[in-house]
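Please look over the sequence and the structure before reading on.

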Amino acid sequence: EESPYVSLAWAVEKAGEGDTIRLSPGEHVLTDELTIGKALTICGAGSDRTVSSIVGDKRDHRLLILNHPDAAIANLTVDGKGVKESVGTGAGIYIQTAGGVVSDVIVRNCYCNKYATSGGGISIAKDAAALVDSVIVSNCSTHCESSGGGTALYMAGGLVRNSLFVFARKSDNVTPANGGGTVYVNGGEMVNCTIADNTASACSGVRAETGLVRDCIIAGNKH
């Protein structure tokens with residue numbers, strides 16, 4: 001049964017296990033961090049033409065946390081509007097240990113800004129049961145005064161495939177010994193992705209500590 005909702009946060013709270021929330025085209029504004037910790041799908045009208053966007057309200061908070069293997073977002077755009085969120089991980093989307101699924105999503109204009117940061121666009125926790133598929137991450141950034149990295153993506157687990165990471169901006173004050181990388185792989189597997197046209201102060205392409213990177217295009221990145 002379909003019914004309108006007061007806000008997206010309200011809809012997530014009221015939804016039952018296995019439900020799907022379908023977003024109409026247009027902007028759906030979050031006034032605080034939204035956590036999906038149950039088997040629930042948020043599905044937009046499309047991330048390209050009829051855009052459904054989950055956006056920040058230009059205040060200082062992360063946008064989304066996924067923390068259930070069947071928590072999913074699909075067919076939409078997540079837009080941080082360029083606000084410097086004072087969070088250390090995943091200014092756009094943070095997939096915690098229990099996991100989550102992100103597919104056919106654009107993540108853009110998200111910015112981590114803290115002493116030690118990772119994953120301006122998306123961050124995946126260690127050993128997370130995560131799947132990121134057919135995602136575009138663009139124009140994301142991190143600023144950190146200690147260690148960190150992954151201006152577009154930090155992953156310590158899960159599977160990332162068929163995705164594009166472009167136009168990430170400089171990761172400030174990070175040396176190669178302490179982090180860096182438009183994509184920072186510290187576990188999990190990255191397959192059939194493109195990392196291109198990014199800039200960073202240390203390792204503007206991919207930095208891989210552990211995990212696996214295969215069948216990827218890494219080109220046109222610069223310091």
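The account below moves from the whole chain to selected residues.

The model is predicted, so local features are given only where pLDDT is at least 70 and side-chain atom pairs only at pLDDT 80 or more, while totals for chains, interfaces and linings use all residues. Residues are numbered from 1 along each chain as its sequence is written, and side-chain values rest on heavy atoms, with hydrogens and water left out.

**The chain as a whole**

The chain has one helix and 24 strands; helices (H or I, at least four residues) and strands (E, at least two) are DSSP runs numbered from the N terminus. Of its 223 residues, 53% count as buried, where buried means under 20% relative accessible area, exposed over 50%, and partly exposed in between (1.4 Å probe, protein chains only). The accessible surface comes to about 9400 Å², and carbon and sulfur atoms account for 47% of this area; the areas come from the Shrake-Rupley method with a 1.4 Å probe, and for residues only the protein chains shown count as cover. A contact means heavy atoms within 4.5 Å. Among contacts between residues at least 6 apart in sequence, 74% join residues at least 24 apart.

**An aromatic pair and a buried serine**

Rings of Phe, Tyr and Trp (its six-membered ring) pair if their centres lie within 6.5 Å; planes under 30 degrees apart count as stacked, over 60 as edge-to-face and the rest as tilted. By this rule there is one aromatic pair. Y154 and Y184 form it in an edge-to-face arrangement, with 5.4 Å from centre to centre and 75° between the planes. The pair links distant parts of the chain, since Y154 belongs to strand β18 (residues 153-155) and Y184 to strand β21 (residues 183-191), 30 residues apart.

S123 lies in strand β13 (residues 122-124). Leaving aside residues up to four places away in sequence, S123 touches T89, G90, I93, Y94, I95, S118 and Y154.

The relative accessible areas of these residues are as follows.

| Residue | Relative accessible area | Class |
|---|---|---|
| Y154 | 16% | buried |
| Y184 | 10% | buried |
| S123 | 2% | buried |

**Cysteines**

A disulfide is a covalent bond between the sulfur atoms of two cysteines. Here the criterion is a pair of cysteine sulfur atoms within 2.5 Å, and the structure holds zero disulfides. For C110, the nearest cysteine sulfur is that of C140, 4.7 Å away. C110 is buried, at 0% relative accessible area. For C216, the nearest cysteine sulfur is that of C193, 4.8 Å away, and C216 is partly exposed at 22%.
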